[in-house]
Amino acid sequence: MTSAQHTASPTPAPHDQHDGDAPCGGCGTSRRTFLERGALIGAVGVASTVGLTACTDEIRSEDNAPSHHVGGTPTQAVQLAALPTGGMTTVQVEGRTLLISRPDQDEVHAFSAVCTHQGCTVAPATENGEDVFSCPCHGSHFDVTTGEPYAGPAKKPLTEYTAAIDGDWVLVTL
């Protein structure tokens with residue numbers, strides 16, 4: 001027999017002992033246990049990734065896009081001085097990108113800047129002399145007072161947030 005071959009022994013050598021089989025209470029993890037645990041952790045990671053991807057795709061799907069944000073707390077979004085009558089702007093509020101328009105002195109509207117087609121960021125623009133919220137990815141255009149799409153592939157309106165003028169501020173309910 002060569003030195004690379006082993007014979008079965010009734011008492012395993014200390015370097016072959018592992019986990020709960022070892023009289024010392026576990027001298028380490030066996031290769032098999034390590035690989036089994038690694039495979040299990042990997043499978044959980046893949047399943048989580050697939051689940052999150054499906055969730056993201058579902059959120060991006062225009063069929064599942066909410067038309068109006070419900071609930072929340074009125075939050076200062078932009079000062080009126082920065083949003084003249086007839087103006088529109090993009091603001092960041094508590095981690096959200098919002099589109100805000102002010103069609104007249106006492107009226108404001110706020111929408112999510114996430115396009116309902118495939119989730120690109122929509123921005124204020126002027127097309128053919130008309131103010132619009134425009135998606136640069138696929139050319140969808142949205143009305144600045146209703147959020148309704150009227151050009152491009154988007155079929156659902158931008159998600160609307162409740163907005164109001166309070167003193168010198170536009171408040172948006174987040």
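Author: What follows takes the labels one by one and sets each against its cut-off. The model is a predicted one.

Reader: What is the overall make-up of the protein chain?

Author: The protein chain has one helix and 11 strands. The order from the N terminus is α-β-β-β-β-β-β-β-β-β-β-β. Of its 174 residues, 30% count as buried.

Reader: Where do Cys120 and Cys137 sit in the chain?

Author: Cys120 is in the loop between strand 4 and strand 5 (123–127). Cys137 is in the loop between strand 6 and strand 7 (141–142). They are 17 residues apart, and the pair links distant parts of the chain.

Reader: What makes Cys120 buried or exposed? And what about Cys137?

Author: Cys120 has a relative accessible area of 15%. Buried means under 20%, so Cys120 is buried. Cys137 has 41%. That value lies between 20% and 50%, so Cys137 is partly exposed.

Reader: Are Cys115 and Cys135 buried or exposed, and how do you know?

Author: Cys115 has a relative accessible area of 3%. Cys135 has 4%. Both values are under 20%, so both residues are buried.

Reader: Why are Phe111 and Phe133 called an edge-to-face pair?

Author: By the distance rule the count comes to one aromatic pair. Phe111 and Phe133 form this pair, with 6.0 Å centre to centre and 65 degrees between the planes. The distance is within 6.5 Å, so the rings pair. The angle is over 60 degrees, so the pair is edge-to-face.

Reader: Which residues touch the most other members of the largest nonpolar core?

Author: That core has 14 residues. Val91, Leu98, Ile100, Val170 and Val172 touch the most other members. Strand 1 (74–79), strand 2 (87–93), strand 3 (96–104), strand 4 and strand 11 (169–173) each supply at least two residues. Another core, of 12 residues, lies apart from it, and among its members are Cys115, Val122, Phe133 and Cys135. In soluble globular proteins, nonpolar side chains tend to be buried together.

Reader: What does Ile100 touch?

Author: Leaving out residues up to four places away in sequence, its contacts include Ala77, Leu83, Val91, Phe133, Val170 and Val172. His109 and Thr89 are also among them.

Reader: What makes strand 2 and strand 3 a pair?

Author: The two strands are joined over seven bridges, in the antiparallel sense. Pairing asks for at least two bridges, so they count as paired. Met88 stands opposite Ser101 in strand 3. The hairpin has two residues between the strands, and Glu94 takes a positive phi near 50 degrees.

Reader: How do you know that strand 3 and strand 4 pair?

Author: There are five bridges between them, in the antiparallel sense. At least two are needed, so this is a pair as well. Leu99 stands opposite Phe111.

Reader: What about strand 10 and strand 11?

Author: Strand 10 (residues 163–166) and strand 11 pair in the antiparallel sense over four bridges. Again at least two are needed, so the label holds. Ile165 has Val170 in strand 11 as its bridge partner. Two residues lie between the strands of this hairpin, and Gly167 in the turn has a positive phi of about 65 degrees.

Note on methods. Residues are numbered from 1 along each chain as its sequence is written. This is a predicted model: local features need pLDDT of at least 70, side-chain atom pairs count only at pLDDT 80 or more; totals for chains, interfaces and linings use all residues. Side-chain values use heavy atoms; hydrogens and water are left out. Rings of Phe, Tyr and Trp (its six-membered ring) pair if their centres lie within 6.5 Å; planes under 30 degrees apart count as stacked, over 60 as edge-to-face and the rest as tilted. A nonpolar core is a set of buried Ala, Val, Leu, Ile, Met, Phe, Trp, Tyr and Cys residues joined through side-chain atoms within 4.5 Å. Buried means under 20% relative accessible area, exposed over 50%, partly exposed in between (1.4 Å probe, protein chains only). Contact means heavy atoms within 4.5 Å.
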